[in-house]
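Biologist: Please show me the model, and let us then go through it by question and answer.

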Amino acid sequence: MAGSQGNRVMRIMLFVSLAINLAVAGVVVAFLWNGPPVSPGRPDGGDPALPYTRALDEDQRDEVRQALREAFLRDRTEARGARRDVIEDYQQALKVLRADPYDPAALGALMTAQAERSAGFRKRGQEVLSAYVAGMTPAERAAYADRLEETLARFRERRARHFEEHRRKDGPPRE
């Protein structure tokens with residue numbers, strides 16, 4: 001009886017672990033797909049691609065998402081490997097974080113590898129977006145440029161409000 005109870009507990013733990021890993025992988029994919037959330041510390045979100053994607057209208061965003069999906073599906077092996085690597089990296093990070101003694105260089109190297117992989121995904125996204133814009137008519141490109149200008153103006157306004165709020169809260173800047 002104790003053996004079957006132990007097996008049941010182990011299966012539940014494995015299921016929970018898999019669910020957590022898939023959730024983390026989903027967050028990473030969403031981050032790569034949508035860009036980072038706008039952070040209170042960085043009112044522009046910090047991602048230079050963000051204004052470009054926000055300036056697309058809803059139909060264009062759908063078309064770019066579809067083109068990006070197709071780009072990843074063309075090389076399913078790479079996509080599967082990348083998903084597997086993301087999960088393995090986080091599993092490795094858990095081991096590093098729990099190790100005693102803690103090795104900060106190991107975590108740093110792992111995070112560097114994750115950043116490089118993320119840069120590869122971002123590069124693919126930039127290529128897809130660039131090709132999409134190249135296919136626009138001059139009128140569509142001009143309308144896109146207008147929306148990009150509006151997006152940048154909103155980012156500037158948010159940034160100015162953010163710094164004004166911090167200035168009031170923290171006092172004048174120190175020299």
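Predicted model: local features only at pLDDT ≥ 70, side-chain atom pairs only at ≥ 80, totals over all residues.

Modeller: Residues are numbered from 1 along each chain as its sequence is written, and side-chain values use heavy atoms, with hydrogens and water left out.

Biologist: How many helices does the secondary structure of the protein chain contain?

Modeller: Helices (H or I, at least four residues) and strands (E, at least two) are DSSP runs, numbered from the N terminus. From that end, the elements run α-α-α-α-α-α. The secondary structure has zero strands, and its helices number six.

Biologist: What percentage of the residues counts as buried?

Modeller: Buried means under 20% relative accessible area, exposed over 50%, and partly exposed in between (1.4 Å probe, protein chains only). The protein chain has 175 residues, and the buried share is 23%.

Biologist: Which residue forms a salt bridge with Asp 62?

Modeller: Side chains of opposite charge can pair when their charged atoms come close. A salt bridge is a side-chain nitrogen of Lys or Arg within 4 Å of a carboxyl oxygen of Asp or Glu. The closest N and O atoms are 2.9 Å apart, and the partner is Arg 65.

Biologist: Which residue meets Glu 58 in a salt bridge?

Modeller: Both partners lie in helix α3, three residues apart. Glu 58 is partly exposed because its relative accessibility is 46%. The N to O distance is 2.8 Å, and the partner is Arg 61.

Biologist: Why does Glu 63 count as partly exposed?

Modeller: Glu 63 lies in helix α3, which spans residues 58-74. Glu 63 counts as partly exposed because its relative accessibility is 43%.

Biologist: In which helix do Lys 123 and Glu 127 both lie?

Modeller: Lys 123 forms a salt bridge with Glu 127, the closest N and O atoms being 2.8 Å apart. The two residues are four apart, about one turn of the helix, and their helix, residues 104-134, is α5.
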